[in-house]
Amino acid sequence: MLFDPVMYMEDHSAWTDPPGLTIRVPALNTQVLERVGANSVFRAIAENKVLRLTVSADSHPDKAIVVLANIAIAAYVDQDAVIDDLPSAIRYLAINASARLEDYWVADDSLWSKAGNRTVSLPDVVAGQKSAILQGRASVFNTPLTQEDLVCYSDQEIKHFAFSPNRFLLSRKFIHMALCGLCQRQIARWIEYVINAKERLFSERKPDLPQA
Ligand SMILES: [Zn+2]
């Protein structure tokens, strides 16, 4: 249902870039609408869609439509939109999720190009959580942070945890994992090693299978 031109169709860097950065994504239909003329085809399609959704939204609770619009805002990472009433929720959904406007864009994307990109800042949620834990503003599973949680895993522990994740979960040392990128990378390397070793073992065993 959600339509964000270009992003869903291209290999956009937004899918793979690390968190904590600013990206540029195409303008949303609601932003394009602010720029088009009163008699434009774009506006005619958009207003028609708003009317139609206003009619069909009648059979749904107002609150559900407002919640849906806010989900759409989050999905678009639209950091400017504020929606708290039914009419604005209907407008937002109708215009940004319009299949007819999507067809319009496929045929001629010049309006979107002219509207320019929008800039989206993606906070590094993991880093934010980490500093919140370190400053005692947040906790992991309601467990207070201890001095031991700040100590890196030993080589032995790293291997232990990579080979048997259940030991890691039972070890009471799992908070450090959320805090330490170094230990995360080392364990990830070992897990990859384990997976590769298993695959190698499997492919070497294959010839032993009974032949038909
Ligand atoms: Zn560490």
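**A walk through the predicted model**

Let's start inside: the largest nonpolar core has 23 residues, and those with the most contacts within it are Ala69, Ala72, Ala89, Ile90, Tyr92 and Leu93. Keep in mind as you look around that this is a predicted model. Which elements build the core? Two or more residues each come from helix H1 (29–33), helix H2 (41–56), H3, H4 and helix H5 (99–107). H4 gives the largest share, six residues.

Leaving aside residues up to four places away in sequence, Ile90 touches Val50, Leu53, Thr54, Ala57 and Ile65. Ile90 is also among the residues with the most contacts inside the core.

Now step back to the whole chain. The protein has 11 helices and two strands. Followed along the sequence, these elements come in the order β-α-α-α-α-α-α-β-α-α-α-α-α. How many of the 212 residues count as buried? The share is 17%. Contacts across the sequence are worth a look too: if you take those between residues at least 6 apart in sequence, 68% join residues at least 24 apart.

Next, have a look at the loop between helix H3 (62–75) and helix H4 (86–96), which is where you will find Val77. Val77 has a positive phi of about 45°, although it is not a glycine. Is Val77 buried, exposed or partly exposed? With 15 other C-beta atoms within 10 Å, Val77 is partly exposed. That count lies between the two cut-offs, because a residue is called buried at 20 or more such atoms and exposed at 12 or fewer.

Helix H8 (residues 155–163) and helix H11 (residues 181–205) pack with their axes 9 Å apart, at an angle of about 50°. Because of that angle, H8 is oblique to H11. The crossing in which H8 passes H11 is right-handed.

Which residues make this contact? On the H8 side they are Ile158, Lys159, Phe161, Ala162 and Phe163, while H11 brings Cys183, Gln186, Ile187, Trp190, Ile191 and Val194.

How values were computed
Residues are numbered from 1 along each chain as its sequence is written. This is a predicted model: local features need pLDDT of at least 70, side-chain atom pairs count only at pLDDT 80 or more; totals for chains, interfaces and linings use all residues. Axes are lines fitted to C-alpha atoms, for helices over the stretch in contact, and angles run from 0 to 180 degrees between N-to-C directions. Helices (H or I, at least four residues) and strands (E, at least two) are DSSP runs, numbered from the N terminus. Angles under 35 degrees count as roughly parallel, over 145 as roughly antiparallel, 65 to 115 as roughly perpendicular and the rest as oblique. A crossing is left-handed if the near helix is turned anticlockwise from the far one by less than a right angle, and right-handed if clockwise. Two residues are in contact if their C-beta atoms, placed from the backbone, lie within 7 Å. A nonpolar core is a set of buried Ala, Val, Leu, Ile, Met, Phe, Trp, Tyr and Cys residues joined through C-beta atoms within 7 Å.
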